[in-house]
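Q: Could you walk me through this structure, one feature at a time? I would like the general idea behind each term and then the case at hand.

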Amino acid sequence: MSTEQEPTTPQDELSPPEQPEGDDHAAALVELQDRWRRALADLDNLRKRHAKELDAIRNEERARTAAAWLPVVDNLDLALTHAGSDPSAVLEGVKAVRDQAVDVLRQLGHPRYEETGVPFDPTVHEVVGTVDAPDTEPNTVVQVVRPGYGEGSRQLRPAAVRVSKRQE
């Protein structure tokens, strides 16, 4: 029994350890590719489900908005059936329907605004003309030509106004 060991060379010490077999790498690669494909399919299914849900929400909101306008249309139809009767009654009815329509817009988050005597604000006003008004400050709204609807980032349209111009 000899206690001598075979001499080792520096090249033996630097050689890489034994690599796992190529089949293990190929199996790991196949598994990763399969997981990647499944993740892509899950993402695609999520995208499709989100698109369907968004479409359903849009349709529900459109239906809810249309339903809010149905009483206004009913009252306009009623006003048209009575158009041949007393003109003052028809005028009162049309005013009531207009008020109802303005209320529907308010309930939908778009209140009407038509203030005069306020400073011009380009975020809520659109100037359509200027007026000589010596008793008001310059750039003050003196007449609303067309009312605006909405507020802040939910503005449907700005109010068309005439403002006082600078006195010279």
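A: Gladly! Let's start with contacts: two residues are in contact when heavy atoms lie within 4.5 Å. Take His110, which touches Leu105, Tyr149, Gly150, Arg154 and Leu156, leaving aside residues up to four places away in sequence. Before going on, note that this is a predicted model, where local features need pLDDT of at least 70 and side-chain atom pairs count only at pLDDT 80 or more, while totals for chains, interfaces and linings use all residues. Residues are numbered from 1 along each chain as its sequence is written, and side-chain values use heavy atoms, with hydrogens and water left out.

Q: Is His110 buried or exposed?

A: Buried means under 20% relative accessible area, exposed over 50%, and partly exposed in between, using a 1.4 Å probe and protein chains only. His110 has a relative accessible area of 14%, so the residue counts as buried. In the protein, 15% of the 168 residues are buried.

Q: Which backbone oxygen lies 2.8 Å from a polar atom of the His110 side chain?

A: A polar contact is a pair of N or O atoms within 3.5 Å; within protein, one must be able to donate a hydrogen and the other to accept it, and residues adjacent in sequence count only if both atoms are side-chain atoms. Here the oxygen belongs to Arg154.

Q: How many helices and strands are there?

A: Both are DSSP runs numbered from the N terminus: helices are H or I with at least four residues, strands are E with at least two. The protein has 3 helices and 5 strands, in the order α-α-α-β-β-β-β-β from the N terminus. His110 sits in the loop between α3 (87-107) and β1 (112-113).

Q: What is the strand order in the open sheet?

A: Strands pair if DSSP finds at least two bridges between them. The open sheet has 3 strands in the order β2-β5-β3, with mixed pairing. Its edge strands, β2 (125-131) and β3 (141-146), each pair on one side only. β3 and β5 (residues 159-164) pair antiparallel over 4 bridges, and Val141 stands opposite Val163 in β5.

Q: Which residues form the largest nonpolar core?

A: Such a core is a set of buried Ala, Val, Leu, Ile, Met, Phe, Trp, Tyr and Cys residues joined through side-chain atoms within 4.5 Å. The largest one has 6 residues: Tyr113, Val141, Val144, Ala159, Val161 and Val163. The elements giving two or more residues to this core are β3 and β5, and β5 gives the most, with 3. Apart from this core lies another of 5 residues, among them Val72, Ala101, Val104 and Leu108.
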